[in-house]
Amino acid sequence: MKRLSRLLFLENIKESLVKGDIVAKQRFHLFKMATLYTLIIYTSFLVQISMVDAINVRVAILVTFLFIAISINYLFFSIHARQEIASIALLGLLYTLLHIVAYRSGGLRNSTMLYIPALIMLSYMLLGKKGGMVMAALTLIHLALFYYFNWNTSWVNYDLLRNDPKIIDFDFFVTAVLGIVMVTIQASYIERTKNEIVEDIKNKNMAILEVTERLQLATYAAKIGIWDYDIKNDLLVWDEEMYHIFGVSPDSFATNYESWQSAIHPADRKVQMEETRLALSGEKEFDSVYRIIWPDDSIHYIQANGIVQRDKDGNAMRMIGANWDISHRVRNENKIRELNESLERKISERTKEMQAYVEQLELKNKNLRQFAFMVSHNLRAPIAKIQGLAYLFEHQTDNEDNNTVIKFISNEVDNLDHVINDMNAIITTGDAENVIKETVNFNTEFKSITKILEAQIRESKGRISSDFSYINEIVSVRTYIYSILYNLLSNAIKYRSQEVPLEVEVKTYLENGFVCIEVTDNGMGINMDKHREKIFDLYARIHNSSIPGKGIGLSMVKVQVETLGGRVELESELSKGSTFRIFLPAS
């Protein structure tokens, strides 16, 4: 009985249709409806013709034969699934019906108004444009023949027309032809529009299918499981990967919330239930890590993310999300943590060992520094005496040769004094450990320096501007900040371009936790490709030696900045100027 039911309702044909083929599904359902429609029409016309034609035996046999043919055609389609052949046969049987109605009862007016348009439209829908055009042509031929036979033969029975053949006149014929043409045009337009809509739907379905396949491939490659929880019906749907992640089979796992809950590690269950509650109530996103227990009692770590879909009133309806097994990552992190702890213990032990050596080195460095101070101090006094004597000889003797010698000695002594001062500056710069830090005001230091350099600035006819609006203070060593700004500004004046008026801009700002002091000038600039490695070297002279200088300023800047825990960056282009950026810790 079940098999007969599937045969009659074409269930096997329906199941064999290609998923997503909208046209095939439409024609399948239309064929079923058209077959039922045709059987009903045949039955009604059999009754009608029998009433007006006194149950003509030939007509009754013919109609009965057609009724059987329709049924056989339906069964043929059910068994062989040849829809196009079955549709052609069905339309042919309907076309035959038109002849019976027209010639045996004069029913052309009825068929022209109702059945012919329906037949043409049905042909377009079942067979497409070609089938519709053929059926339209056949109906026109049928109309022309009927009109001819109506006026030139006695073949037509006029019982339905109350024995008045004049009803089928030339005006009716022209109107019927025009009606068929209009119906054909309209059916063609509907078919074309339908095809465009179907094609658009197919393209969109293909795009959705392509995205879905890519998503499936991505989730499969990443071993990500997708789940969908219907909150109202307590129905949990998993994809294949979810069963792999939880170590269960679809047969052994009930698709509900309780089954998922029972798989969670007891120590994590309460927390996970609270995470789910907060997500459903909208208080936070569902993003958590928890442990599950497999049937073999092994423990696995799961990363879970999900989103909640709500109705128009904001009530949670569905929850969709993804899970993936992060056990391997967690175990690796635990191993790394253990290794780090072991390494920290070893480092601590070695640090204690190294601390003794460091203390010894600090003591030696302190003694060396004291020695440098001592050398500087002990040398300074004799040099001062020599300078004084040289001054006396220079101003109290008339001997020209003695004056020359004295000047030479004086110059050399001055040079020696500069060297000692430079050495002392470099040595003391490296010791910022015990220097007291205080709040330094950039604007105050800038004004103090420009006051000292006022004569040089006036001589250069330059302009030095500042912008400390972003940050005007820093907690640091005042003497170092002053020295850094002084050296950069004095260098900008000293190495100015002779082609354009001097322009120097000083500004401060914060960048990634550092206070940046930026000094930009339009001076001579530096050939970075040539001098990059030695710019900050001690006694390095980049420019023409005719410009006064000792080559110590930038070296002191670098040492002082690094002593304060910062760094120096330089951008420069020959004949265009330089930009120094001093980065100092903000805290």
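At what angle do the axes of H15 and helix H17 (residues 553-563) cross, and within what distance do the axes come? In this predicted model, the axes of H15 and H17 come within 9 Å and cross at roughly 150°. Angles over 145 degrees count as roughly antiparallel, and H15 and H17 are therefore roughly antiparallel to each other. Their crossing is left-handed.

The residues of H15 that take part in this contact are Tyr480, Ser483, Ile484, Asn487, Leu488 and Asn491. They meet Gly553, Leu554, Met556, Val557, Gln560, Val561 and Thr563 of H17. By class, the contact of H15 with H17 comprises seven nonpolar and six polar residues, with no charged residues.

Helix H15 (residues 478-494) also packs with helix H13 (residues 442-452), their axes coming within 10 Å and crossing at roughly 50°. That angle makes H13 oblique to H15. The crossing in which H13 passes H15 is right-handed. On the H13 side, the contact is made by Phe442, Glu445, Phe446, Ser448, Ile449 and Ile452. On the H15 side, Arg478, Ile481, Tyr482, Leu485, Tyr486 and Leu489 take part. The residues of the contact of H13 with H15 divide into nine nonpolar, one polar and two charged.

| Helix pair | Axis distance | Crossing angle | Handedness |
|---|---|---|---|
| H13 and H15 | within 10 Å | roughly 50° | right-handed |
| H15 and H17 | within 9 Å | roughly 150° | left-handed |

The structure holds one cavity of 30 Å³ or more. About 150 Å³ of space lies in the largest cavity. Its lining has 13 residues, of which Trp227, Tyr229, Leu236, Tyr257 and Trp260 are the closest to its centre. Which elements give two or more residues to the lining of the largest cavity? They are strand E1 (224-230), strand E2 (235-238), helix H9 (257-263), strand E3 (286-293) and strand E5 (316-325). By class, the lining of the largest cavity has eleven nonpolar residues, two polar residues and no charged residues.

Terms used:
Residues are numbered from 1 along each chain as its sequence is written. This is a predicted model: local features need pLDDT of at least 70, side-chain atom pairs count only at pLDDT 80 or more; totals for chains, interfaces and linings use all residues. Side-chain values use heavy atoms; hydrogens and water are left out. On a 1 Å grid over the protein atoms alone, a cavity is a set of points where a 1.4 Å probe fits but cannot get out, and a pocket is an open set with protein on both sides within 12 Å along at least five of seven lines; lining residues have an atom within 4 Å of a point. Grid points are joined across faces, edges and corners, and a volume is the space filled by probe spheres set on the points. Helices (H or I, at least four residues) and strands (E, at least two) are DSSP runs, numbered from the N terminus. Ala, Val, Leu, Ile, Met, Phe, Trp, Tyr, Cys and Pro count as nonpolar, Asp, Glu, Lys and Arg as charged, and the others, Gly among them, as polar. Axes are lines fitted to C-alpha atoms, for helices over the stretch in contact, and angles run from 0 to 180 degrees between N-to-C directions. Angles under 35 degrees count as roughly parallel, over 145 as roughly antiparallel, 65 to 115 as roughly perpendicular and the rest as oblique. A crossing is left-handed if the near helix is turned anticlockwise from the far one by less than a right angle, and right-handed if clockwise. Contact means heavy atoms within 4.5 Å.
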